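Colleague: Could you take me through this model, starting with the strands and ending with a few single residues?

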Amino acid sequence: MLQDSKAFSGFSVDDIPRAKEFYAKTLGLDVGEVHGMLQLRTGGGNSVLVYPKDNHVPAEFTVLNFPVTDIEETVRGLTALGVTFERYHEAQDELGINRGGGPLIAWFKDPAGNILSVLQQD
């Protein structure tokens, strides 16, 4: 029934202007705003809905993943822009990149506390 639908994901934030600034200026995404919500558009043609929620509680899991070709370069670049990478376990190196099995991945948060990641695309 929905196989031809162009489904998209979404998550909440507590401050749309602050989120727009972060996603557009810090992360460099194409960000549109419609009806008080943000539409994040990525190079792959995907879009993600970001909507305001007064009683927003950040998710305790990764809500958005960004595949990258060079994770070390990306982490260094984002760190230079003021992004802080999270530390969840000891398998992470000095940059915050998890090297304990699976894809190379590093986690960070948006201004609303939502967990995002960059992960090495092979």
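**Sheets, core and selected residues**

Colleague: How many bridges join β5 to β7, and do they run parallel or antiparallel?

Modeller: Six bridges join β5 and β7, and the two strands run parallel. Strands and helices here are DSSP runs, E of at least two residues and H or I of at least four, numbered from the N terminus. Two strands pair if DSSP finds at least two bridges between them.

Colleague: What should I keep in mind about the source of the values?

Modeller: This is a predicted model, in which local features need pLDDT of at least 70 and side-chain atom pairs count only at pLDDT 80 or more, while totals for chains, interfaces and linings use all residues. Residues are numbered from 1 along each chain as its sequence is written, and side-chain values use heavy atoms, with hydrogens and water left out.

Colleague: What is the strand order in the sheet of three?

Modeller: The order is β5-β7-β6, in an open sheet with mixed pairing. β5 and β6 are the edge strands with a single partner each, so one side of each has no neighbour in the sheet. On average, neighbouring strands are turned by 25° against each other, direction ignored; axes are lines fitted to C-alpha atoms, for helices over the stretch in contact, and angles run from 0 to 180 degrees between N-to-C directions.

Colleague: And which helix packs on this sheet?

Modeller: α2 does, touching β5, β6 and β7, with its direction at about 145° to that of β7. Contact means heavy atoms within 4.5 Å.

Colleague: How do β6 and β7 pair?

Modeller: They run antiparallel and are joined by five bridges. The two strands form a hairpin with five residues between them, and G113 in the turn has a positive phi of about 90°.

Colleague: Which residue of β7 is the bridge partner of W107?

Modeller: The partner of W107 is S117. S117 is also the bridge partner of N65.

Colleague: Is β7 enclosed or open to the outside?

Modeller: Six of its six residues are buried, so β7 is largely enclosed by the rest of the structure. Buried means under 20% relative accessible area, exposed over 50%, and partly exposed in between, for a 1.4 Å probe and protein chains only. I115, S117 and L119 are buried on one face, and L116, V118 and Q120 on the other.

Colleague: Let us turn to the core. Which residues of the largest nonpolar core touch the most other members?

Modeller: They are Y23, L27, L64, F108 and V118, in a core of 30 residues. A nonpolar core is a set of buried Ala, Val, Leu, Ile, Met, Phe, Trp, Tyr and Cys residues joined through side-chain atoms within 4.5 Å. Elements that each supply at least two core residues include α1 (16-26), β5 (62-68), α2 (71-80) and β7 (115-120).

Colleague: What is L64 in contact with?

Modeller: Beyond its neighbours within four places in sequence, L64 contacts F11, Y23, L40, V48, I115, L116 and S117.

Colleague: Back to α2. Which of its residues are buried?

Modeller: I71, V75 and L78 are buried.

Colleague: What is the order of the four-stranded sheet?

Modeller: That open sheet has the order β1-β4-β3-β2, with mixed pairing. β1 and β4 pair in the parallel sense over five bridges, and G10 stands opposite L49 in β4. α1 lies across β1, β2, β3 and β4, at about 155° to β2.

Colleague: Now R41. Where does R41 lie?

Modeller: R41 lies in strand β3 and is partly exposed, with a relative accessible area of 30%. Its side chain makes a polar contact of 2.9 Å with that of Q39. A polar contact is a pair of N or O atoms within 3.5 Å; within protein, one must be able to donate a hydrogen and the other to accept it, and residues adjacent in sequence count only if both atoms are side-chain atoms.

Colleague: Finally, is H56 buried or exposed?

Modeller: H56 counts as buried, at 12% relative accessibility. H56 is in the loop between β4 and β5, and a polar atom of its side chain lies 3.0 Å from the backbone oxygen of A112.
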